[in-house]
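User: I have a two-chain model open and would like to talk it through with you. Can we begin with where the chains touch?

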Amino acid sequence: MDLKEKLVSSFMAFEEQIDVHSELHDVRTSAIKNFENKGFPTKKEEAWKYTSLNAVLKNDFTVFPKHENAIEFAEVKKYFLHEIDTYKVIFIDGKYSSFLSATTHDGLDVCLMSSALNKPKYKMIIDEYFNKVASKEESLTTLNTAFANEGAYINIPKSKVVEKPIEIIYFSTGKENALMVQPRNLVIVGENAHVQIIERHQSLNENPVLTNSVTEIFAQKRAIVDYYKIQNDLQSANLIDNTYISQKQESRVSVHTFSFGGNITRNNLNFYHFGERIDSTLKGITIIGDKQHVDHYTLVNHATPNCESHQNYKTILADSSTGVFNGKIFVEKEAQKTDAFQQNNNILIGDKATINAKPQLEIFADDVKCSHGCTIGQLDESAMFYMQQRGIPKKEAKALLMYAFTNEVIESIKIPELKQRITKIIANKLGVNLGFDL
Amino acid sequence: MLKISNLHASVEDKDILKGINLEIKAGEVHAIMGPNGAGKSTLSSIIAGNENYEVSEGEILLEGEDISELAPEERAHKGVFLSFQYPVEIPGVSVTNFIKTAINEKRKANGQEEMPANEMLKLIREKSELLEMDRKFLSRSLNEGFSGGEKKRNEIFQMAMLEPKIAILDETDSGLDIDALRIVANGVNKLKNENNAVLVITHYQRLLDYIIPDFVHVLMDGKIVKSGGKELAIELEEKGYDWIKSELV
């Protein structure tokens, strides 16, 4: 039985084991039908032209792990931003770990999707937001919707400035031979509220993992959301991240995606505008090697006037790694005075590395400013010579240059401890000790 | 200090240097002048070890040791410094952090401990004052958004920090206004002593009013065709390079 059949046939059993109200049942049922019709995406589809899931799907994934697994904090401390106090919503093999988490209901909700979906007091909110911005067509998103049950539920009330960042971490222990998990996160940020969120998926041993994650983010008027995704997983881990963002007027949402490891990583990042003077930021740093594959598939849908979007993706590819950047900007007829900017710079340092870069601008308004720039190159030799001339050996000079290349994106990280952490990961990736804290 | 003999070099099968002979002793300032395309910048790049050029013949001795097979960083560690005509921008790495890295790499290569932080700070303060550099300048990203003058001043600041045996100034006067030129030249003159040497590469005589050479050489078509004292530079400024050509014929 292949994975698709396994998932479809287990849907009934899944629905029976949890008590859900009928609206949710309807949402799930139509979602599984959509997935059953479409199946997993293949390279024949334009959106998946450069990324094949075939090899990954051959694994015999367990889709509902039976055991609750525990991890000692000391084992995984390094994956937390432990230098500062944070809220934490932590999952182990798809199940919530109360032991590692630090949730709250005090003035804001940082808790579990399973509670929100199943407890009557959240019903109104779920009816209003759940699956409202996520695609009802895209097969992997609907697959997630069909099985949506666990993940982080975050609701920030009006005018609340959340002092501590929120960490959402999904650990895989590897106790199953191969594991598929489908986290579902819902983030609602009220008017004038401000929140910072860090999301991470981390395998703890080499058994294959397939994560098909969906996150919906709703930013109300003038809300500020800074979302950071850290992808630095093992070679056996595969991640499909589907993030959908709905923004109301004058809200500012930024998503930074740091892709440093994993087997196949696909980031579907979608921004939708509902109101004027919205600001959307999409930034990413990708540094990979071996046969790793990272695919960024972004969409900014400008539907309203006077909004801005800023995209900046930096990619460094070593060995036989592959990168994909497909950045779509859609400017509807009504979206006059749109200011949309897209930048995508790629450096290939491996002889067998490949980048597929595709900016896609579709503009139907006539008074807009849209610009995009895409470069593909090698490390600047004259810059290398300059640094070597100052006595900096080749390897360190390369690292310094690559660091400089990613600097624009690093500079916009708003949590200082996270910024330090990311620069350390980068220095580590580049295999150098630069002798000073970057 | 530096002895170059019968140096031939090419890039992509095109001969650029066709047998250069040059000896610079400790305590001396030499200038190489010549028309565009004569091979001046190639010569400075090759002394510093740029791997884009193929050295087919000849040798480069630094204090008697052949350095022509060494990597650029190894030559730097032995005391070769090249002030670039077009210094490179490195975003996110401050002037201070860059020079700290350079100094400590040099010390490491020479078997020394890293320079203690307070000593480093003192040295940075001292040398930046010599180049009349603002304190804020030191925390800016290396060369990013620097004016032409600031870039060149920063080059000489790095030279002051690294204390090379042989400093090659490649077109250091290009893009400089008169004040910046004075500051840069003043810096070079203060750093000059009996144990080091300076090679000035320039198209114009202007810089040589401030950094006074002991010897002037004319490089044309990959060869040194004439050598003399500082008065040769003045003569070249007045008459151009054509008279040398006709003299050669």
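Analyst: Two residues count as in contact if their C-beta atoms, placed from the backbone, lie within 7 Å. This is a predicted model, in which local features need pLDDT of at least 70 and side-chain atom pairs count only at pLDDT 80 or more, while totals for chains, interfaces and linings use all residues. Residues are numbered from 1 along each chain as its sequence is written, and chains are lettered from A and ligands numbered from 1 in the order in which they are written.

User: OK, how many residues does the contact take from chain B and from chain A?

Analyst: Chain B contributes 23 residues and chain A 20 residues. On the chain B side, two or more residues come from each of helix 2 (72–77), strand 7 (90–94) and helix 3 (95–109), where helices (H or I, at least four residues) and strands (E, at least two) are DSSP runs, numbered from the N terminus.

User: Which of them gives the most?

Analyst: Helix 3 of chain B does, with seven residues.

User: Switching to chain A, is strand 13 covered or open?

Analyst: Strand 13 of chain A, residues 264–274, is mostly covered, with nine of its 11 residues buried; buried means that 20 or more other C-beta atoms lie within 10 Å of a residue's own, with 12 or fewer making it exposed, anything in between partly exposed, and C-beta atoms placed from the backbone.

User: And which strands pair with strand 13 of chain A?

Analyst: Two strands pair if DSSP finds at least two bridges between them. Strand 11 of chain A (residues 237–248) pairs with strand 13 of chain A in the parallel sense over 11 bridges, and A:K248 stands opposite A:F274. Strand 15 of chain A (residues 293–302) also pairs in the parallel sense with strand 13 of chain A, over nine bridges, and there A:N301 is the bridge partner of A:Y272.

User: What about the six-strand sheet in chain B, what is its order?

Analyst: That open sheet has the order 6-9-10-3-11-12, with mixed pairing. Its edge strands are strand 6 (80–83) and strand 12 (223–228) of chain B, each of which pairs on one side only. Within chain B, strand 3 (residues 29–33) and strand 10 (residues 197–202) run parallel and are joined by five bridges, with B:T202 as the bridge partner of B:M33.

User: Last one: where is the kink in helix 1 of chain A centred?

Analyst: The kink, of about 40°, is centred on A:F11, the bend at a residue being the angle between axes fitted to the seven residues ending there and the seven starting there.
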